[in-house]
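Hi everyone, thanks for coming. Have a quick look at what's on the screen, and then I'll walk you through it.

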Amino acid sequence: MSNAKSVRALRKAQVDSKGCVACGCCVPSCPCKAIGIFKGVFANIDTENCVGCGKCAGACPAGTITISEAVQ
Ligand code: SF4
Ligand code: SF4
């Protein structure tokens with residue numbers, strides 16, 4: 001059994017590190033402070049804090065963030 005809230009909690013952002021240009025646009029878009037720029041090279045998502053809202057994906061000019069269902 002699942003409801004909308006539990007499904008949402010399982011969604012997570014993923015960054016394609018090859019496509020990321022480390023512009024940092026996604027960092028302030030995240031309401032959960034779940035994004036950092038790893039060694040100045042690519043964005044890194046803290047999946048513990050990510051709630052899968054998708055705001056970062058909308059903020060990324062490179063289109064390199066996707067939201068996917070976490071595999072449990
Ligand atoms: S999906 Fe939402 S909570 Fe997760 S990293 Fe992106 S902006 Fe932050
Ligand atoms: S907005 Fe996109 S390209 Fe810029 S740092 Fe974030 S994931 Fe990388």
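Let me start with contacts: two residues are in contact if their C-beta atoms, placed from the backbone, lie within 7 Å. By that rule, residues 24 or more positions apart make up 61% of the chain's contacts with a separation of 6 or more.

A word on the source: this is a predicted model, where local features need pLDDT of at least 70, side-chain atom pairs count only at pLDDT 80 or more, and totals for chains, interfaces and linings use all residues. Residues are numbered from 1 along each chain as its sequence is written, while chains are lettered from A and ligands numbered from 1 in the order in which they are written.

Okay, the layout. We have 2 helices and 4 strands, meaning DSSP runs numbered from the N terminus, H or I of at least four residues for helices and E of at least two for strands. The order along the sequence is α-β-β-β-α-β.

Now, what sits around the ligands? Ligand 1 is surrounded by 15 residues, and the closest are Ala13, Cys30, Cys50, Cys53 and Cys56. For ligand 2 there are 14, the closest being Cys20, Cys23, Cys26, Ala43 and Cys60. Here a residue is near a molecule if its C-beta atom, placed from the backbone, lies within 6 Å of it.

Leaving out residues up to four places away in sequence, Ala13 touches Ile45, Cys50, Gly52, Cys56, Ala57, Ile65 and Ile67.
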